[in-house]
Amino acid sequence: MMQHLFSLIIMIFLLVFSFSANISASHFNIPRLGTLRRTSQLYESQTSTSSSTSSFSSNPEDFKTFYYNQTLDHFNYRPDCYSTFQQKYVINSKYWGGPNSNAPIFAFLGAEGPLDSDLFSIGFLSDNALQFQALQVYIEHRYYGKSIPFGSREEAFRNASTLGYFNSAQAIADYADVLLHLKKNLSAENSPIIVVGGSYGGMLAAWFRLKYPHIVLGSLASSAPILYFDGISPRFGYYSIVTKDFKETSESCYRTIRKSWAKIDKVASRPHGLSTLGKRFNTCSQLNTSFELKDYLDSIYTEAAQYNEPQRYPLRVLCSAVDGEFVGTDTLGRIYAGVVAYMGHRSCYDMNEFKNTTDETNQGWRWQTCSEIVMPIGHGSGKDSMFPSAPFNLNHFINECKSLYGVLPRPHWVTTYYGGHDLKRILHRFASNIIFSNGLKDPYSSGGVLENISESVVAISTANGSHCLDIMMTKPSDPQWLVMQRNTEVKIVKRWLSKYYADLLAIN
């Protein structure tokens with residue numbers, strides 16, 4: 001009797017502990033942005049494939065690296081705000097027609113990560129530079145890569161005082177400074193600038209055109225969820241699309257994943273249950289809570305849906321493994337097969353791979369989401385959801401950020417500074433020359449602009465597209481719908497440039 005009672009107490013303790021862990025840990029389970037997936041094996045596969053098969057493969061020797069003496073604070077006049085840091089930018093002038101012909105400048109706006117990975121994966125610039133005779137410019141975002149204020153990463157990330165200069169408004173002002181510096185140095189004052197960005201960088205591209213229309217002629221904002229703020233987009237929109245993607249790929253895979261969460265909790269509630277789960281999923285270290293495993297699986301599923309690019313189709317690979325196990329394989333065995341298929345065969349699986357706090361992208365992005373990029377993404381409680389209910393809790397999120405940095409997030413600042421509410425009506429009055437491109441299988445498209453706003457602020461969507469796919473390197477295997485999407489974007493940019501040159505000629 002006493003043994004049974006003791007087991008019951010242990011079970012209750014584990015369930016309560018697991019629940020509290022879910023509450024505390026889930027605040028930062030905001031699916032990451034970025035043009036490329038973070039998973040190392042697939043990342044290496046994608047970058048090597050894209051650089052070798054593009055019609056206009058970029059030669060590393062064509063890229064020249066420079067550093068600009070960037071102002072720390074663009075919006076203050078205190079003496080210490082005039083401090084500077086070295087901001088990295090890269091130029092490829094192979095196809096540039098030069099300043100005498102007022103040939104355009106295509107600028108890629110770096111986002112939450114080092115710039116190097118973008119040079120040979122972002123294709124819109126290199127694939128189109130020849131036909132536009134464009135100068136290619138790639139600018140790194142402050143606090144990432146080599147563009148670190150205060151002399152070192154350790155010092156820059158020391159506390160909220162040094163991190164206080166780390167925000168989108170400062171980053172966009174950086175881009176403006178670098179581009180004006182370039183135009184002056186190259187005597188290219190009349191060369192029009194087209195900026196390109198994807199994901200968070202896509203938001204920056206759109207906001208850049210809105211804030212600095214005197215510097216940039218037009219923007220291509222790929223997979224930019226600029227409406228996923230302040231309650232504009234459905235809070236459960238992201239995970240609804242993930243569910244839909246899996247369901248359309250394989251009904252049986254969707255059902256297996258849907259019931260796996262309860263199976264995991266059931267095993268975890270048993271004596272030595274976490275040890276059992278660790279062995280079944282070959283984790284690199286002992287599980288402390290079932291949430292660690294569930295959060296890891298959540299990251300795999302969202303990444304597979306978000307970056308489900310043609311040719312490889314990682315979501316299909318994952319579901320084929322889940323469905324393809326021998327008859328009689330239990331639910332957790334099928335889930336583990338999906339992990340192996342997606343992540344590759346490894347000696348063990350690190351549950352912190354997607355949340356590694358020492359990774360500079362995760363480290364920087366955590367600050368950004370704790371300050372201004374507050375996207376209230378959560379799991380819905382709908383009967384068809386593939387995920388257990390876990391709505392975004394702003395109060396818990398605020399408390400977590402306060403405990404980390406001693407500052408409070410500003411969830412309404414993005415819409416205050418850049419706009420967002422009544423976007424169609426407002427942008428119709430004053431905005432121009434922005435392309436919002438989205439793939440509707442990308443979960444972040446639920447926060448994107450999916451309807452034309454005016455003749456020159458347009459939305460281009462593809463039913464089968466994934467995150468930032470349109471601005472990646474072209475491949476011979478690209479499906480026709482993707483080729484057509486890119487061709488449409490190029491035609492629009494040509495129209496912007498034609499009007500610009502006509503206006504320039506008329507003024508002169």
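Where is the place of tyrosine 301? In this predicted model, residues are numbered from 1 along each chain as its sequence is written, and side-chain values use heavy atoms, with hydrogens and water left out. Local features need pLDDT of at least 70 and side-chain atom pairs count only at pLDDT 80 or more, whereas totals for chains, interfaces and linings use all residues.

Tyrosine 301 lies in helix α12; helices here are DSSP runs of H or I with at least four residues, strands are runs of E with at least two, and both are numbered from the N terminus. With a relative accessibility of 2%, tyrosine 301 is buried (buried means under 20% relative accessible area, exposed over 50%, and partly exposed in between, with a 1.4 Å probe and protein chains only). Leaving aside residues up to four places away in sequence, tyrosine 301 is in contact with Val242, Phe246, Ile257, Trp261, Leu318, Ile335, Met386 and Phe387, where contact means heavy atoms within 4.5 Å. Tryptophan 207 is 94 residues apart from tyrosine 301 along the chain, and 30 Å separates their C-alpha atoms.

Tyrosine 301 also takes part in the meeting of two helices. Two packed helices are described by the angle and the distance between their axes. For α9 (residues 237–249) and α12 (residues 290–306), the axes come within 10 Å and cross at roughly 75°; axes are lines fitted to C-alpha atoms, for helices over the stretch in contact, with angles from 0 to 180 degrees between N-to-C directions. The two helices are therefore roughly perpendicular (65 to 115 degrees; under 35 is roughly parallel, over 145 roughly antiparallel, and the rest oblique). From α9, Tyr238, Tyr239, Val242, Asp245 and Phe246 meet Asp298, Tyr301, Thr302, Ala305 and Gln306 of α12. The residues of this contact comprise 6 nonpolar, 2 polar and 2 charged, with Ala, Val, Leu, Ile, Met, Phe, Trp, Tyr, Cys and Pro taken as nonpolar, Asp, Glu, Lys and Arg as charged, and the others, Gly among them, as polar.

Aromatic rings deserve a look of their own. One aromatic cluster is formed by Tyr228, Tyr238, Tyr239, Phe246, Trp261, Tyr301, Phe387 and Tyr444. Rings of Phe, Tyr and Trp (its six-membered ring) pair if their centres lie within 6.5 Å, and planes under 30 degrees apart are stacked, over 60 edge-to-face and the rest tilted. The count by this rule is 30 aromatic pairs. Among them, tyrosine 144 and phenylalanine 166 are edge-to-face, at 5.5 Å centre to centre and 80° between the planes. This pair links distant parts of the chain, 22 residues apart. Both partners are buried, tyrosine 144 at 0% relative accessible area and phenylalanine 166 at 1%.

Strand β2 (residues 84–92) has 7 of its 9 residues buried. It runs antiparallel to β1 (residues 63–71), with 9 bridges, and antiparallel to β4 (residues 135–139), with 4 bridges. Strand β7 (residues 434–439) runs parallel to β8, joined by 6 bridges; asparagine 438 has serine 461 in β8 as its bridge partner.

Key
Two strands pair if DSSP finds at least two bridges between them.
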